[in-house]
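Let's go through this one together, a question at a time. Have the model open as you read.

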Amino acid sequence: MSTRWSGVRSGVMDGAIAVGVAAALLVTGLSGQHSAAPLDLLGYALLAAGGLALAARRRAPVPVLALTGLCAVGYQAAGFDVPAVAYLFAVYTSVRTGHRAITVAASVAMLALLPLAALASGLHDTGEAFAQARGALELAWLIAAGAAGEALRQAERRADEAERTREETARRRADEERLHIARELHDSLTHQISIIKVQAEVAVHVARKRGEQVPEALLAIQEAGREATRELRATLEALRDDDTAPPRGLDHVADLVERARTAGLDATLTIGGQRHEVPAAVDRTVYRIVQESLTNIARHAAAETASVRIDYRPDGLAIRVDDDGRATPGTPPVPGVGLLGMRERVTALGGHLRAAPRGEGGFTVQAELPVERTS
């Protein structure tokens, strides 16, 4: 939006400059002794055309340079002793956009053509023609216009380089921070999760060896330990490899529902609509929404049933997770880290998230994620 507004503002400014220069050239031309002869009318037209051409100087600097130069030569040949102001503006813009060689060649041609144009008007002898040409295009002003354009071009180039350097520094710092987080996660969590996983598996193994029935809670701990290990490994790979490891997504939502059933929750999964490809970010976000919702149900809701519904729509995805837990209408949810994380993910993708108690009791999480389809 800011880039578009900047372009509109630059266009308005160029238009104003073009009109101002054209008006100044016409006023200067009208101040001379000219009639309504066809040649004089052509001169007025060239004065106006040279000035108005500046409206396109940013979009087409080289064509505008050529056009303003030809107009200046033309109205000099028509007998108008008017400075080539429009051409100086065109020189400045052409040099600023990096067309230095073309600008130098055009300016040398202009310095040669203007005396010939003054001679062609038939109003001056050779000495007067050269004097008029110098007055129309002072060499000092020509050099100043080119120097100003080059100075601004160099300043913009240095600013771009500085911006690129800042971006590279920021990326390098982000990479370093990502690796630091990966090391911290590995050192602080991997060992503890491994202990939980090993202890749960040993307990299950001992119970089965003794012929005892393995408690459902212990099986759930074992599976949760395995899943936590897989998730942590995937997170560490993503942090170390800049998200090159394939994360979990829609194809793994059924696994989440199955694990919820193993933990004792009567969970169901319904998928509606015609399935289509979705961006990787949407794919990951759906998985995280369902994962966090089912985790919250298991930890806090004291629910017996839960339903997960994913609807494919032509322009997006709709996710809804309901439970029959102890949440009641009028009781706002406590915005924990999980809920805030879901909201941030959905908002970053341009979607909407609603998490609130249901009217009939229990809690609902609803998310709508837009999807731009290429076909």
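Predicted model: local features only at pLDDT ≥ 70, side-chain atom pairs only at ≥ 80, totals over all residues.

Residues are numbered from 1 along each chain as its sequence is written, and side-chain values use heavy atoms, leaving out hydrogens and water.

Q: Which residue meets Asp14 in a salt bridge?
A: A salt bridge here is a side-chain nitrogen of Lys or Arg within 4 Å of a carboxyl oxygen of Asp or Glu. Asp14 is buried, at a relative accessible area of 3% (buried is under 20%, exposed over 50%, partly exposed in between, with a 1.4 Å probe and protein chains only). At 2.7 Å, N to O, its partner is Arg58.

Q: How many residues apart in sequence are the parts that Asp14 and Arg58 tie together?
A: Asp14 sits in helix H1 (residues 2-30), and Arg58 in the loop between helix H2 (38-52) and H3. Helices are DSSP runs of H or I, at least four residues, numbered from the N terminus. So the pair links parts whose separation is 44 residues.

Q: Which helix gives the most to the lining of the largest cavity?
A: Helix H3 (61-77) and helix H4 (85-96) each supply at least two residues of that lining. The top contributor, with 4 residues, is H3.
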